[in-house]
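Welcome! Take a moment to look over the sequence and the model, and then we can walk through some of the details together.

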Amino acid sequence: MFDKFKKHFDKNLKYYFLFPAIGILIMLLGYPIISSLYYSLTDKNLIQPVTSFVGLQNYIEVFKDPSFWIAFKNSIFFTSAIVILQLIFGMVAALALNCINKFKGLFRTLLIIPWTFPNIVMAFTWNWLFNDLYGPINGILLNMNLIEKPILFLAKPHLAVISIIMVMVWFGFPFMMVNILAGLQSISNSEYEAAQIDGATPLQSFFFITLPHLSKVLGLLIVLRVVWVFNNFDLIYLLTGGGPGESTQTLPLYAYRMGWGLNSLGKASAVAVILLCFLLLCTNLYFWMANKKEDISI
């Protein structure tokens, strides 16, 4: 009997090691998701003690709110622009580091510094840099006579959008760079040497050797960064608070305003559920396309 139990235990040991991680995930993710789903179907309010079931009323009101669609459009725009620019800068930096022989460690450390900053430190630092009264950016431009008066980087809608994109690209491209660099170092030099012997140009080698080898890495990086940027709250909130007006308000900030500004936790939960469903749809669409591509290649 003991031998039979031991054999069964040894056979399923790998699953037993997963139970603690699954339990933690259920506690950290399961309860918030279930509670958000429940509250999204109620008129839960932070200052009203009585809560009643309202069905899909919160979702209907959210979809009818023009501010929701402005926030949704801003989230799509910010996510697309930031992820694309992070990918471009990360790729360029990784390719440059992969070609450098001397001081590679030093340059890699210097380039990864932005990624090590805590978000709150980075936000306050950039707020200081962008300040129109004592910010060094305006000070340098004024001293060089390039501008006649200070630029209100975070007070004008179009400049605030550009400033947020610049800050988030600066902060996030090292993550892309490190992972792309790891993928580049896994490619055998013999493939490049063979392509060079066949007369391939560096650009052709990049498109026909480098990119195919990095396709899976790039796909996963894009998915991870889309989820992170789309969900990002602290950087935008600390830099602009969603303003001026609604020019930089995204879905997380809209949900925060609904929940903690208007005390409507039911509508805030509805926005959170919509956000979750949209990101799940995007990630599942990517994995479906990736699996379909693998099946075609096989």
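Keep in mind as you read that the model is predicted.

**The salt bridge**

- Which residue does the side chain of Lys 267 meet in a salt bridge? The partner is Glu 61, and the distance from N to O is 2.8 Å.
- The count of salt bridges in this model comes to 1.
- Glu 61 belongs to helix H4 (residues 57-64) and Lys 267 to helix H14 (residues 265-297), so the pair ties together parts that are 206 residues apart in sequence.
- Glu 61 is partly exposed, with a relative accessible area of 32%.

- Helix H11 covers residues 202-231, and its end C-alpha atoms span only 38 Å.
- A straight helix of 30 residues, at 1.5 Å a residue, would span 44 Å.
- Where does H11 bend? Look at Ser 215, where H11 bends by about 55°.
- Several residues of H11 are buried, among them Ser 205, Phe 206, Ile 209, Leu 214 and Leu 218.
- Further along H11, the buried residues include Leu 221, Val 223, Arg 225, Val 229 and Phe 230.
- Arg 225 also lies over the face of Trp 228, at 4.8 Å from the ring centre.

**Aromatic rings**

- How many aromatic pairs does the structure hold? The structure holds 21 of them.
- One of these is a tilted pair made by Phe 233 and Tyr 256, with 5.1 Å from centre to centre and 50° between the planes.
- This pair links distant parts of the chain, as Phe 233 and Tyr 256 are 23 residues apart.
- Phe 233 sits in the loop between H11 and helix H12 (234-239), while Tyr 256 sits in helix H13 (residues 251-261).
- Phe 233 counts as partly exposed at 24% relative accessibility, and Tyr 256 counts as partly exposed at 33%.
- Ring pairs also link a cluster made up of Phe 63, Phe 68, Trp 69, Phe 72, Phe 230, Tyr 254 and Phe 278.

**Cysteines**

- The number of disulfides in the structure is 0.
- Cys 277 is in no disulfide, and the nearest cysteine sulfur, that of Cys 282, is 11 Å away.
- Cys 277 counts as partly exposed at 46% relative accessibility.
- Cys 282 also counts as partly exposed, at 30% relative accessibility.

**Backbone details in the loops**

- Which two residues does a cis peptide bond join? They are Gly 243 and Pro 244, with omega at about -5°.
- Pro 244 is found in the loop between H12 and H13.
- Asn 145 has a positive phi, near 60°, and is a residue other than glycine.
- You can find Asn 145 in the loop between helix H8 (136-143) and helix H9 (157-185).
- Is Asn 145 buried or exposed? At 67% relative accessibility, Asn 145 counts as exposed.
- Asn 263 has a positive phi too, near 65°, and its place is in the loop between H13 and H14.

**Distances along the chain and in space**

- Ser 190 lies in helix H10 (residues 189-197) and counts as partly exposed at 42% relative accessibility.
- Ser 190 and Asp 234 are 44 residues apart along the chain, and their C-alpha atoms are separated by 46 Å.
- Arg 108 lies in helix H6 (residues 104-116) and counts as partly exposed at 34% relative accessibility.
- Arg 108 and Leu 85 are 23 residues apart in sequence, and 19 Å apart in space from C-alpha to C-alpha.

Methods
Residues are numbered from 1 along each chain as its sequence is written. This is a predicted model: local features need pLDDT of at least 70, side-chain atom pairs count only at pLDDT 80 or more; totals for chains, interfaces and linings use all residues. Side-chain values use heavy atoms; hydrogens and water are left out. Helices (H or I, at least four residues) and strands (E, at least two) are DSSP runs, numbered from the N terminus. The expected span of a helix is 1.5 Å times one less than its number of residues. The bend at a residue is the angle between axes fitted to the seven residues ending there and the seven starting there. Buried means under 20% relative accessible area, exposed over 50%, partly exposed in between (1.4 Å probe, protein chains only). A salt bridge is a side-chain nitrogen of Lys or Arg within 4 Å of a carboxyl oxygen of Asp or Glu. A disulfide is a pair of cysteine sulfur atoms within 2.5 Å. Rings of Phe, Tyr and Trp (its six-membered ring) pair if their centres lie within 6.5 Å; planes under 30 degrees apart count as stacked, over 60 as edge-to-face and the rest as tilted. A charge sits over a ring if NZ of Lys or CZ of Arg is within 6 Å of the ring centre and within 35 degrees of the ring normal.
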